[in-house]
Amino acid sequence: MANQVQRRLDNNQRLRKTHLNKPQKLLKKAFHWNLEDREGFYQHMINRGWTIKLCPTEADIAIAADCQPEDIVVSIDSDLIIYRTVRTLWRPVGYKQQTFRVYDKDSILDALNLTDAQLLTLGIVSRNDYGNNVPSLGIATNCKLVKDLSDRGVTDMVAAYLQDDRVIRKNTGREAFSNALKVFATMTQTAVTSTDCTPQNVVTYTSLRHKMDTILDQLKRNKKQRYENHKVKKRDSAETWVPRHKSKQQPLRYRTIDMPPQDRSGSKPSPAGFRSRYSYKERFEPVTKQDPPDVMLQHKWKPWKPKTDDPQPQAPTKSKKTLKIRDPLHDANKKKLLEGLAHEHPLVTLDMGTLRANVSKAVAPSEESSVPSGESSAMSDEPLATTVIACIQGAVREASVTKRLCQELISRYFDEVFSRTVVSQKDQDFLDLLCPRLSDSTSDDDSTIVTNDHDSPTDKTETFIHSFMAFLYSGNPPSSMRAGIASSVNDFIYRLRHYGILPAFDLSTAGNPKNAPEYTPYLLVRSVSKQLAVELKQHYKRGCQKLSEQLLKQQEARSQPLLFNFNMEQRKHIPTIESFFFFNSLVGHKYQVTPVSPIEHGFMTFTESELGAFFIKKPSLRKHLRSLVEQDTQVSGEFKLVHLNSWLPRQAPGLLIQSFISPVATTDGLSSRQKGRAGHVAAIKLLNLDEIKSHVNNLRDSSFQPCLYDDKGYILHGSVKTDGFRVQLLAFKIRELQSVRFRRYKEQLLPDRLVSTVGGTDHFLQEIHNVVKTDIDVKKIWDCTTNQAGDITYLGVDLGQTCVVGACALLPSHKQPRGWKKKNRSKNRKKRRRRRGSKEGKKATVESNPAAGSRSTDRARYLNLAVKQKAVLQPMFKHRAWIEAQKTAATVQSSTGAQLSTSTTEAAQDQQRLLSILDIETNFPALRGENSSARDYFEHRNNYMAELDKFYNGNHKFKKHAWDHARAKKEEYRRITDSLLRMVGGCVGAKRDANNKVVIGIGLGQFGSDKKLSSLHTTFEAYFIKQARSLGYVILGINEFYTSKKCPTCHHFVAQTDSLRRLYCPHCQKTLHRDIMAAHNMCAAMRGQVEFLQRPLYLQPVDENGQYPWMMQQGGSSKRRAALEAGGRATKIASVPN
């Protein structure tokens, strides 16, 4: 081992701590007893009358060979119990008070359910004094493997163990267990010969100690020398240093590994032709002509026709109201302060990780302080973190169950109402309460509503559902609300009982209604009631509008008179839900009759006041809440909810979250690097009410200039989102201003949206010809003139469905992409030329065919990247396969109401009674179609509700895998973004260099799919724009006219082949990738607009008279005209020399 360390040190290889710690530990544990001392001890014990035996090998083997079944062996080495002859072993344990631990082999065999031969095999294949175990296979795993082996010879059993598929070995020679097999099975060992005992061959303790000291001294000198070299290198490269992006340390379960197909183990080096995923390629123009495909459709020119103007005179547009800045705040009311923050900053959701990890860190410092004086922490029934987690998970579970019950009752009510011929007026009123009519001005999207503490529902539908769900949870009819809603809810309850829907759930029994509910009903169901109200309005309102448009188109196509009135503007006197069911029946129940939530618990929002009301009912949490309140206010008597509600509005938003949920705003004593690693935890600010008031008033001050605003961080809103496994915090993003986003200031005070992120980093795109109009615009954005625009790098990105990203980058001649390694192949090129022939013949070939010559320095070089949707969706495919496997493997007992055939045998009946989760969900009655029925669906689901709830919510396995899948998908987007930025000299995690002038263009083409196929281009577009703009890149929109129809080299129309993604240029006689060609044309369009303030002529439409309608009115110079006709620059870009 010391020789191995010395060899690595001499070869300048990396030395880890394990390389040094292991030999040092062994030297410390070594029992240094030389040969002379041993001979003296032997003679001394003989004189005392002891029987001493000299062994030619180790003493363990001799003891095992002479041992009889009735003998007792005393030894500190537990490996002796493995030998067949040893039946009883006494092993001394302890340090100060030594005792003996008795090992009886018969008892061990009975406890492990092993035979004598299997125990011997287990000792051989596990770690012992003569060899190590197979990596990742410990003694517990080996015990399971050995039990499966048949009881035969030990040698055969070891061979069978090595041939098992579960035993994966890297080094077959070292892991054959030959030494251990020889010692334990045959009890023999090769004795040391006299020739090996010479002083030159004997390794003593003194020599090993001296060798290790020499190695440590040499290592110390090497470290000092490397440190001096590092300082010199850092000083020389200080000006060109770029911060590196720190990759994730935690491995992702569904991450796609970049390994070559022929060797996934990683033990062999990657082949020379292997290229990692999402990496760009360097492409030159093909030097040889390619044969045309068999099937080819040539694109032809069509005269451009302008859009016909509307003959009807347009109504005069109203002047847009100027948005004024609100007045400063004069009071410190918490609700108004949160409303002021919502008006000034966007509300975002911060993913903090798992609930258990956050709560454990948040309450860990306060575990002891939560226990009153005079009581020990051991007196508490359970840890504080466990109580908080159980309380929140219980609230999520109860709210989800109540929401599913409410959906079931409403769906059964709809089935009962629309099964009758006429809908009564009373039922129409209830339908209007469940979903407002289309004529109402109520918004059907409440996703942007900001929820504050002590807020009450303002929407009529939400208030009705909120009250009804509180009744379902508590069993008590509403009485404390307004008379109108309370009476409507009570009438609806009586209506359900009249139709025979409500008694089926037996709400009058013990536990339902709940006399003393665990959670406050109105606070528990607030979030899920808002979710259900939004789901009902979105499902029926939007579905009704879509069905109305579809039926109107069908009637117009048939050219028949309208049998029914499908215009929703003329059906305002009919409830929206009634119109939906009527339209849905005409199209064969194409849409689902009702929205249904999955059985797996979803995310829901809880405010601080709601969490406080939940926590105060737990004795241990009540003590901690009281100690928290008594820091500011003295509480006399019993601590109640009224004390908490009077204290909480005066505190900083997020104080209760910091104490119980997540350890946010704990950055004291942390360095800048540690704050960066902490992420959102360090970026969140916990401001009191006066500080929030001062912050809002500074933004509303008349002298405030948004162009100079540079504040960062997050301010907590005071609400959390959780599904029982993960936790998310709602916070206001201080970096972005709503006043800049909605243009509330004058134009001269607003920062430029192209280079600033104060107005947000959303996927808003401006077309390039609306941004770059004059030389002043080029100077303002890129700090150069049009004559100096040759140093700008262009990146065109074409987004699509099958090919998510098709990108092309045009680089100046002096610029290299990030991570580019220049390869020198001059020697190999000379050798190839010698083999081909003389230089005269080579020159003649080049002169006769210039296109076949070598890559010259004046040829344009471009990089491209194509990413298919199939590659990006690999994490989703793996996650789906895992879910299907879990559903197939999990079996439950079939429902008691299932009828079994009497002619089948008992074994067949038992097999018929076992159903998998996949079979149960496949047999669910349909919620859409001709025979759809919500009643049958819920009855079938209720029969297996206990099994399904245990499968999905019994543990957090599904949520863990879903979280890993989401992170792996985000990692795929991050890697694509990193590859795109590396093409232009940047990377994810590093701000754009001021000298690196880059313009990124994204196609503005919009497309849809009649086949309803999924597409990732919209989600990736939003992700890429947000990441690139936050790093300082300029992103603009590009009109995609002619970009997929003309060749970027010859500017002629291309031909469509039998493949959708492959095009062929008959003029150049080469094959082109459709998306990469489109991205290349986008680069040409950007280059023409930036350098010549005009789109190239070959990418502009031409009318019947041969004129360019998009051409600028003023005429340009002859040089500019020639450059435009050539498709870009007047001179070619010099490529990188080979």
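**View 1. N113 counts as exposed, at 62% relative accessibility.** Exposed stands for over 50% relative accessible area, buried for under 20%, and partly exposed for values in between (1.4 Å probe, protein chains only). Accessible areas come from the Shrake-Rupley method with a 1.4 Å probe, and for residues only the protein chains shown count as cover. N113 sits in the loop between α5 (105-112) and α6 (116-125). Helices (H or I, at least four residues) and strands (E, at least two) are DSSP runs, numbered from the N terminus. The phi of N113 is near 60°, a positive value in a residue other than glycine. Most residues other than glycine have a negative phi.

This is a predicted model: local features need pLDDT of at least 70, side-chain atom pairs count only at pLDDT 80 or more, and totals for chains, interfaces and linings use all residues. Residues are numbered from 1 along each chain as its sequence is written, and side-chain values use heavy atoms, with hydrogens and water left out.

**View 2. Y1042 also has a positive phi, of about 70°, although it is not a glycine.** Y1042 is placed in the loop between β17 (1034-1038) and β18 (1055-1057). Is Y1042 buried or exposed? Y1042 is buried, with a relative accessible area of 11%.

**View 3. Four strands form an open sheet in the order β5-β18-β19-β20.** The pairing is antiparallel. Two strands pair if DSSP finds at least two bridges between them. The edges are β5 (296-298) and β20 (1070-1073), each pairing on one side only. On average, neighbouring strands of this sheet are turned by 35° against each other, direction ignored. Axes are lines fitted to C-alpha atoms, for helices over the stretch in contact, and angles run from 0 to 180 degrees between N-to-C directions.

**View 4. Helix α40 (residues 1074-1092) lies across β19 and β20.** The helix runs at about 85° to β20. L1063 has L1072 in β20 as its bridge partner.

**View 5. F184 is a buried residue, at 2% relative accessibility.** F184 belongs to helix α9 (residues 178-186). Which residues does F184 touch, not counting those up to four places away in sequence? They are D79, I82, Y83, L120, I124, N128 and Y130. Contact means heavy atoms within 4.5 Å. I82 is 102 residues from F184 along the chain, yet their C-alpha atoms are separated by 7.2 Å.

**View 6. T402, in helix α13, is buried at 5% relative accessibility.** T402 touches M469, L472, Y473 and V525, leaving aside residues up to four places away in sequence.

**View 7. I72, V74, W90, F100 and V102 make a nonpolar surface patch of about 480 Å².** Patches are made of residues with over 30% relative accessible area and no salt bridge; like charges are joined within 9 Å, nonpolar side chains (Val, Leu, Ile, Met, Phe, Trp, Tyr) within 5 Å. W90 is found in strand β2 (residues 88-93). With a relative accessible area of 34%, W90 is partly exposed.

**View 8. R935 and E416 meet through their side chains in a salt bridge (3.6 Å, N to O).** R935 lies in helix α36 (residues 934-943) and E416 in helix α13 (residues 384-418), so the pair ties together parts that are 519 residues apart in sequence. A salt bridge is a side-chain nitrogen of Lys or Arg within 4 Å of a carboxyl oxygen of Asp or Glu. By this rule there are 31 salt bridges. R935 counts as partly exposed, at 27% relative accessibility. E416 counts as buried, at 18%.

**View 9. K426 and D491 form a salt bridge between their side chains (3.3 Å, N to O).** This pair links distant parts of the chain, 65 residues apart: K426 is in helix α14 (residues 425-434) and D491 in helix α16 (residues 483-498). K426 is partly exposed at 36% relative accessibility. D491 is partly exposed at 30%.

**View 10. Salt bridges that share partners join R87, K105, D106 and D116 into one network.** Side chains of opposite charge can pair when their charged atoms come close.

**View 11. R166 and D164 meet in a side-chain salt bridge (3.1 Å, N to O).** R166 counts as partly exposed, at 48% relative accessibility.
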